[in-house]
Amino acid sequence: MSQIRPLIPLLVTAGILIGGNGLQGTFISLRALEEGFSTSLIGVIGAGYNIGFALGCVYVTRILRAIGHIRTFSAMAAIASAAAISMVLVINPLMWFLMRLLAGICFACLFATVESWLNASVTNANRARTLSVYRLVDLGSVTAAQYVIPGIGLEGFELFAIISMALTLSLVPISFADRSSPVAPEAIRFDVKALWNISPLATIGCIVVGLTNAAFRSLGPIYGQGIGLSVTAIATFMSAGIIGGVVLQYPLGHYSDRLDRRLIILIATFGSLLAGLFLAFGAGNDEWLNFAGIFLFGAFAMPLYSLCSAHANDHAAEGQHALVSAGMLFFWSLGAIIGPLFASFLLEIFGPQALFIYTAAVLFLFMLYTLQRMTARGPVPAEARAMPFRNLLRTSSFFNKLAAGNNHRRKDG
């Protein structure tokens with residue numbers, strides 16, 4: 001703890017940001033329903049956040065290099081706070097789309113700033129402990145944030161104010177952090193062709209994760225409301241999916257380090273497909289069946305991003321790992337733009353069960369593609385892989401660097 005103590009302000013700031021982001025995502029979907037927005041409009045608003053997030057991923061390194069960490073954080077926190085409170089002042093779909101787009105840019109930059117700062121502050125001696133605490137902060141803050149909604153209620157301005165206050169207060173702990181701002185990170189060049197050549201499967205896989213998991217995060221509250229869940233039950237439903245995502249991360253990662261990683265990707269995809277079909281056709285309106293179904297969906301679907309990133313790194317050459325970490329997050333963002341948008345139209349036409357019919361269809365197609373890739377190229381031997389599986393957050397590409405540490409192993413053949 002003595003090694004981690006200097007990092008506590010950064011970890012507290014990260015917890016406030018992750019919790020505020022998780023609260024805002026669920027609340028905006030439910031409040032939009034209360035305001036009479038159509039499901040398709042809610043999907044467009046959800047896509048706005050992910051468009052902004054993709055833009056933030058592209059430009060954050062340039063911003064950090066231009067003005068430094070603390071100025072970047074201060075500016076983005078202030079803008080995100082203003083965007084949150086302005087949504088209750090002007091209740092209009094276009095306004096909400098623009099504010100969510102702005103929030104996406106800000107959160108991409110905020111997470112990148114904190115994680116870049118953490119990465120510069122940790123040593124190999126405390127890296128694993130810091131990473132474990134960071135993951136606990138992530139899980140605890142997102143889960144707890146869901147229950148603020150039933151505690152406060154959907155009506156009125158209170159939740160908008162709480163979100164805005166949280167973003168403003170996130171400036172406080174980071175202001176007490178080490179006063180020496182870290183060196184600005186090197187710019188990362190996006191090369192779509194190079195990323196595709198490294199691993200077509202990982203590229204498609206990250207897009208698929210965006211198409212499916214982002215649709216769940218944006219439209220899961222709409223699904224819950226559509227099948228008659230209370231606001232508290234919707235919070236539990238969303239939390240169960242998030243908690244489920246932790247359960248199989250390490251078992252799947254452990255076996256993926258020893259077997260053909262594509263086989264584990266196939267198993268995880270099949271498990272999430274079955275869970276989606278159960279939610280669509282078996283769970284009905286039963287609360288506990290839906291909780292169990294979404295827990296299983298999260299358990300299999302959430303590790304897919306980390307598995308695909310690990311598979312891409314298996315094929316990456318020396319010096320390409322930074323490109324992979326930034327590129328995989330960018331491709332996830334592209335899927336996350338399309339997923340909520342397309343799924344929302346299906347929900348509006350066919351009802352709430354269409355959400356998980358859609359995810360099952362996308363995952364089935366990905367299974368077919370995975371099988372095709374397994375016949376097109378042999379597996380990378382375990383001893384020749386550049387780095388082991390790492391449990392990654394989709395917050396910024398700098399989380400990959402924080403998780404990687406000194407785990408790089410030189411390829412032997």
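In the predicted model, a search of the whole structure identifies four cavities of 30 Å³ or more. The largest cavity holds about 850 Å³ of space. Its lining comprises 39 residues, and those nearest the centre of the cavity are Asn21, Val142, Arg217, Trp332 and Arg394. Two or more lining residues come from each of the following elements: helix 1 (8-34), helix 2, helix 4 (93-121), helix 5 (127-146), helix 10 (200-226) and helix 11 (231-247). Among the contributors, helix 1 gives the most, with eight residues. By residue class, the lining of the largest cavity consists of 19 nonpolar, 15 polar and five charged residues.

Helix 1 also contains serine 29. The relative accessibility of serine 29 is 6%, and this residue therefore counts as buried, the cut-off for that class being under 20%. When neighbours within four places in sequence are left aside, the contacts of serine 29 are with Ile42, Ser218, Pro221 and Ile222. Serine 29 and glycine 46 are separated by 17 residues in sequence, and their C-alpha atoms lie 8.0 Å apart in space.

In general, two packed helices are described by the angle between their axes and the distance between the axes. Helix 2 (residues 39-67) packs with helix 3 (residues 69-89) at an angle of about 120 degrees, and the axes are 7 Å apart. On the side of helix 2, the contact is made by Ile63, Leu64 and Ile67, whereas helix 3 supplies His69, Arg71, Thr72 and Met76. The residues of this contact divide into four nonpolar, two polar and one charged.

Leucine 55 is likewise located in helix 2. With a relative accessibility of 35%, leucine 55 counts as partly exposed, since this class lies between the limits of 20% and 50%. In sequence, leucine 55 is 47 residues away from leucine 102, while the C-alpha to C-alpha distance between leucine 55 and leucine 102 is 9.8 Å.

Note on methods: Residues numbered from 1 in each chain as written. Predicted model: local features only at pLDDT ≥ 70, side-chain atom pairs only at ≥ 80, totals over all residues. Heavy atoms only, no water. Axes fitted to C-alpha atoms, helices over the stretch in contact; angles between N-to-C directions. Helix = DSSP H or I, 4+ residues; strand = E, 2+ residues; numbered from the N terminus. Contact = heavy atoms within 4.5 Å. Nonpolar A, V, L, I, M, F, W, Y, C, P; charged D, E, K, R; others polar. 1 Å grid on protein atoms, 1.4 Å probe; cavity = no way out; pocket = protein on both sides within 12 Å on 5 of 7 lines; lining within 4 Å. Points joined across faces, edges and corners; volume = space filled by probe spheres on them. Buried < 20%, exposed > 50% of the residue type's maximum accessible area, 1.4 Å probe, protein only.
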